[in-house]
Amino acid sequence: MKKIGFLSFGHWSNHPAYQARTASDTLLQSIDLAVAAEEIGLDGAYFRVHHFAAQLASPFPLLAAIGAQTSRIEIGTGVIDMRYENPLYMVEDAGAADIISGGRLQLGISRGSPEQVIDGWRYFGYAPEEGETDADMGRKKALQFLDQLKGVGFAQPNPFPMFPNPPGLLRLEPHSEGLRDRIWWGAASNATAEWAAEKGMHLQSSTLKMDESGKPFHIQQAEQIRVYKEAWKKAGHQREPRVSVSRSIFALMNDQDRYFFGQDAKGGDKIGNIEKGKRAIFGRSYAGEPDQLIKELAQDEAIQEADTLLLTIPNTLGVDYNIHILSSILEHVAPGLGWR
């Protein structure tokens, strides 16, 4: 059995073929998609966060709205770039959204990846300290976020407050009990996966990672997951770790599916550079008749190692078509692999 969710990048563009042409379209359709996904039995609704782009950026209003209109489905991010965040304000936003959802947030965070503008976090008022890199800054903010999610008082109360204070140091409010244990780290390397395990975060591994061995993507990703699990065990955490992997998987059920995704059936891994001097490997997309998908996915070692699978979706094609994509996987592929 696996948890199966969708991952939306939340694109919009004024293109005649798109169903999501404005920010309003994308935000409102994202809510509708999450509601419909829960109705068909999907386990999670996850959203990517990008700044300075015609894509979803500020996640908490959306997560709260979805939480208010659903009752079971996990709601998360994959991932929030911590270089742009005020960790304390984020604790308040996340706590409120988690309470609204009844404790269903699964927040993926990371140190960040290349963005649409140069050093975009500087426009948000943030800069690394002397001797730090922007990645160091992102990880430091992540640790501050984790620490404050514990709900321990740290702020000296005003002796003449507007409203009466409880005794002792004050914490951020609203505090959502248990959210600290539902934070995930988006890791692109084995070392950062190990670091995430040591810090008690679940692991999100996407459709790309740093090429550390030259092996096929799914094998490198499976090795990353094993490194993570071993590090978690060594750290002595008293709860079970979770691991998600992302995949583009399309069951070709009709002519429209074949038109959109038939060309992906013969695709393979790709090599590229997402940052200067850093070689990355991008995992293949899967497209085919259900029986063929079952055979191919059964050979994907990383999916076997993970407990959660996030299906990347073409959100610009609209809610109905994306529900068709997700339903096809749930009904015609997942049972053949023992995921359902």
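**Entry 1: Ser 189**

I looked up Ser 189 and found it in the loop between β5 and α5; helices (H or I, at least four residues) and strands (E, at least two) are DSSP runs, numbered from the N terminus. The model is a predicted one, in which local features need pLDDT of at least 70 and side-chain atom pairs count only at pLDDT 80 or more, while totals for chains, interfaces and linings use all residues. Residues are numbered from 1 along each chain as its sequence is written, and side-chain values use heavy atoms, with hydrogens and water left out.

Is Ser 189 buried or exposed? I noted that Ser 189 counts as buried, because its relative accessibility is 16%; buried means under 20% relative accessible area, exposed over 50%, and partly exposed in between (1.4 Å probe, protein chains only). Leaving aside neighbours within four places in sequence, I found Ser 189 in contact (heavy atoms within 4.5 Å) with Met 210, Glu 212 and Gln 224.

**Entry 2: helix α6**

I turned next to α6, which covers residues 217-235. This helix has 19 residues and reaches 27 Å from its first C-alpha to its last, close to the 27 Å expected at 1.5 Å a residue; the expected span is 1.5 Å times one less than the number of residues. Among the buried residues of α6 I listed Phe 217, Gln 221, Gln 224, Tyr 228 and Trp 232. An α-helix has 3.6 residues a turn, so residues three or four places apart point the same way. The buried residues of α6 pack against several elements, including α5 (190-198), β6 (202-205) and β7 (208-210). Just after α6, I noted a positive phi of about 75° at Gly 236.

**Entry 3: cavities and pockets**

Grid points are joined across faces, edges and corners, and a volume is the space filled by probe spheres set on the points.

The whole structure holds three cavities of 30 Å³ or more. The largest cavity has a volume of about 60 Å³. Which element gives the most to its lining? I found that α1 does, with four residues.

The largest pocket holds about 1100 Å³ of space. It is lined by 40 residues, and the closest to its centre are Phe 9, Arg 48, Ser 206, Thr 207 and Leu 208. The second largest pocket holds about 200 Å³, and α3 supplies the largest share of its lining, three residues.

**Entry 4: aromatic pairs**

I counted ten aromatic pairs; rings of Phe, Tyr and Trp (its six-membered ring) pair if their centres lie within 6.5 Å, and planes under 30 degrees apart count as stacked, over 60 as edge-to-face and the rest as tilted. The rings of Phe 52 and Phe 124 have centres 6.0 Å apart and planes at 75°, so this pair is edge-to-face. I recorded Phe 52 as partly exposed, with a relative accessible area of 42%. Phe 124 is also partly exposed, at 39% relative accessibility. The rings of Phe 260 and Phe 261 have centres 5.9 Å apart and planes at 50°, so they form a tilted pair. Phe 261 is buried, with a relative accessible area of 9%.

Conventions
1 Å grid on protein atoms, 1.4 Å probe; cavity = no way out; pocket = protein on both sides within 12 Å on 5 of 7 lines; lining within 4 Å.
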